[in-house]
Amino acid sequence: MSLESDVIVDRRRLRRKLTFWRTIAVLVAAVAIVGGGLYVTRFSKQVSSGAIARIKIEGLIQSNNERIEALERLEKSSAAAVVVHINSPGGTVAGSEQLYDALSRLKAKKPMVVVVEGVAASGAYIAALASDQIVAQQTSMVGSIGVLVQFPVLSGLMKTIGVQLDEVKSSPLKASPNGVDAPSPEARAALEALVKDNYAWFRGLVQNRRAMDDTQIEKVADGRVFTGRQAIGLKLIDQIGDEKTAVAWLVAEKKIKSDLPVRDYKLSPKFGDLSFLRAATSIALDAVGLSSIARQVEQGGFAQAMDGMGLDGMLALWRPVSLN
């Protein structure tokens, strides 16, 4: 066979492969579009059913306009009440405040109760404070009332590898900390002032929303987390229980009909977080050796996994260091 014939055969073989994979890609896209359409349709029907809406706050909390818009739609829906499930270590202070404000507006329109499934710490506890009733399991983790700023100091490493940062600034406190040098005493003092101001706001919110006196707030506002069993005695929560406990409270205190079903209301019905795409993404990440990110995708979706890779700004976060 001549060289030219070999080239023609190879081209035909390559063309068949490309046609096959293009067909697969089109089919996957079609399934994804149909699946996404059905998902959003089901989402819309649940909103208008007049049932008790179940929403979930999971993973790291950051500013999220899509979630706020979903909560605003829920305000206008015919849902009879809302059960908010929280399982989050917190996140940014600004994102937590945004979520708290949105849930407060929702509570003004719909009876609402919070259920702490696993963790409602720091910024997640800020969100929980929007409700007049907080239910948690005995072993849930609640609290971590505090604020922090974290930044690396890479000056030792840069000196080792022979790299130096030079900069021209309009004033000594501009762009400080820079992540390279340890902050000056003045820069550290400025950061401490920011942390203390945000902490004062957080602490005041807890004291006001949970009706605590000065002695009571002192016991809980040192950054610690508490179990559900401890939290009820400290006025951080109202009841030990689960979703059934929350619904019973809505029936008894808010006169919600006892026979109403509880239905999921998705705050972020994102295309990338559909279950079959999660599985495919997880397999791909495993294949390239990114197993830890793959597990995060499986548990919380692709967007949530990416969120955890970069939190900027003031943090209201409780996240024990993992060595895995």
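This is a predicted model: local features need pLDDT of at least 70, side-chain atom pairs count only at pLDDT 80 or more; totals for chains, interfaces and linings use all residues.
**Helices 2 and 3**

Select residues 65-76, helix 2, together with residues 93-109, helix 3. Angles under 35 degrees count as roughly parallel, so helix 2 is roughly parallel to helix 3. Now show the side chains where the two meet. On helix 2, the residues in contact are Asn 65, Arg 67, Ile 68, Leu 71, Glu 72, Leu 74 and Glu 75. They meet Gln 98, Leu 99, Ala 102, Leu 103, Arg 105, Leu 106 and Lys 109 of helix 3. Sorted by class, this contact has seven nonpolar, five charged and two polar residues.

**Helix 6**

Next, select residues 185-209, the 25 residues of helix 6. From first C-alpha to last, helix 6 reaches 36 Å, close to the 36 Å expected. Colour Ala 187, Leu 191, Phe 202, Arg 203, Leu 205 and Val 206, which are its buried residues. Among the elements covering them are helix 3, helix 4 (123-128) and helix 7 (214-220). After helix 6, stop at Ala 211, where phi is positive, near 50°.

**Helix 9**

Move on to residues 243-254, helix 9. At its start, find Asp 242: a side-chain oxygen there comes within 3.1 Å of the backbone nitrogen of Lys 244. The end C-alpha atoms of helix 9 are 15 Å apart, which agrees with the 16 Å that its 12 residues should span at 1.5 Å a residue.

Which residues of helix 9 are buried? They are Glu 243, Thr 245, Ala 246, Val 247, Trp 249 and Leu 250. Their cover includes strand 1 (52-61), strand 2 (81-92) and strand 3 (112-121).

Key: Residues are numbered from 1 along each chain as its sequence is written. Side-chain values use heavy atoms; hydrogens and water are left out. Axes are lines fitted to C-alpha atoms, for helices over the stretch in contact, and angles run from 0 to 180 degrees between N-to-C directions. Helices (H or I, at least four residues) and strands (E, at least two) are DSSP runs, numbered from the N terminus. Angles under 35 degrees count as roughly parallel, over 145 as roughly antiparallel, 65 to 115 as roughly perpendicular and the rest as oblique. Contact means heavy atoms within 4.5 Å. Ala, Val, Leu, Ile, Met, Phe, Trp, Tyr, Cys and Pro count as nonpolar, Asp, Glu, Lys and Arg as charged, and the others, Gly among them, as polar. The expected span of a helix is 1.5 Å times one less than its number of residues. Buried means under 20% relative accessible area, exposed over 50%, partly exposed in between (1.4 Å probe, protein chains only). A polar contact is a pair of N or O atoms within 3.5 Å; within protein, one must be able to donate a hydrogen and the other to accept it, and residues adjacent in sequence count only if both atoms are side-chain atoms.
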